[in-house]
Amino acid sequence: AASCADAVSIGDTHLHTFNGLFYDFQAAGDFILAEVAPGFEVQTRQVSGAPTWPNASVNKAIAARFGEARVAICLPPKGSEAPERVFVDAKPTAVEDGQTLGLPEGAGITRHGNVYQMYGPDGNSVRATVNAYNGTTWIDLDVGLGRWPSPVKGLIANVNGNVNQIAARDNFV
């Protein structure tokens, strides 16, 4: 989907902010990638990338909110042959390949193979690509904003549009 500004979280978590900063974020836990008021938020769950990347972390689950619509994509535990699971408003939901599923308030989700494209009525979007390599699975994310500049908080945002500044959850720069 076209957007006015893009940021990414890829691989053994390499981040590229909306303002152009490239950095690695090797922490495990639940994090806000981007939050744009009112009603657009993208979260990620990062876990160890072992066995492939034992000293790095990867996105193992993502969640996005487009107004009232909530979507989550979760990868199965290590060693499982099960496919990823998709949840819409906390309910397991099948998204068939090549199909678009309409969500509340004009949002939607489309799947093409291992790529899920989620979008809101304001042009905000999330593309989640499910990957597997050498026993490790992860999700790459591309977050697009329908309006730029926009006030954004999170790991892929820069404080005051300054490429050299990132804020912690408590707003410490």
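Modeller: The largest pocket is lined by 21 residues, with Val152, Lys153, Gly154, Ala167 and Ala168 nearest its centre. A pocket is an open set of points on a 1 Å grid over the protein atoms alone, where a 1.4 Å probe fits, with protein on both sides within 12 Å along at least five of seven lines; lining residues have an atom within 4 Å of a point. The model is predicted: local features need pLDDT of at least 70, side-chain atom pairs count only at pLDDT 80 or more, and totals for chains, interfaces and linings use all residues. Residues are numbered from 1 along each chain as its sequence is written, and side-chain values use heavy atoms, with hydrogens and water left out.

Biologist: Which strands each supply at least two residues of that lining?

Modeller: Strands are DSSP runs of E, at least two residues, numbered from the N terminus. Here they are β4 (29-36) and β15 (152-153), and β4 gives the largest share, 3 residues.

Biologist: Where is threonine 17, and is it buried or exposed?

Modeller: Buried means under 20% relative accessible area, exposed over 50% (1.4 Å probe, protein chains only). Threonine 17 sits in the loop between β2 (14-16) and β3 (22-24) and is buried, at 0%. Contact means heavy atoms within 4.5 Å. Beyond four places in sequence, the contacts of threonine 17 include Asp6, Tyr23 and Leu155.

Technical notes
Helices (H or I, at least four residues) and strands (E, at least two) are DSSP runs, numbered from the N terminus.
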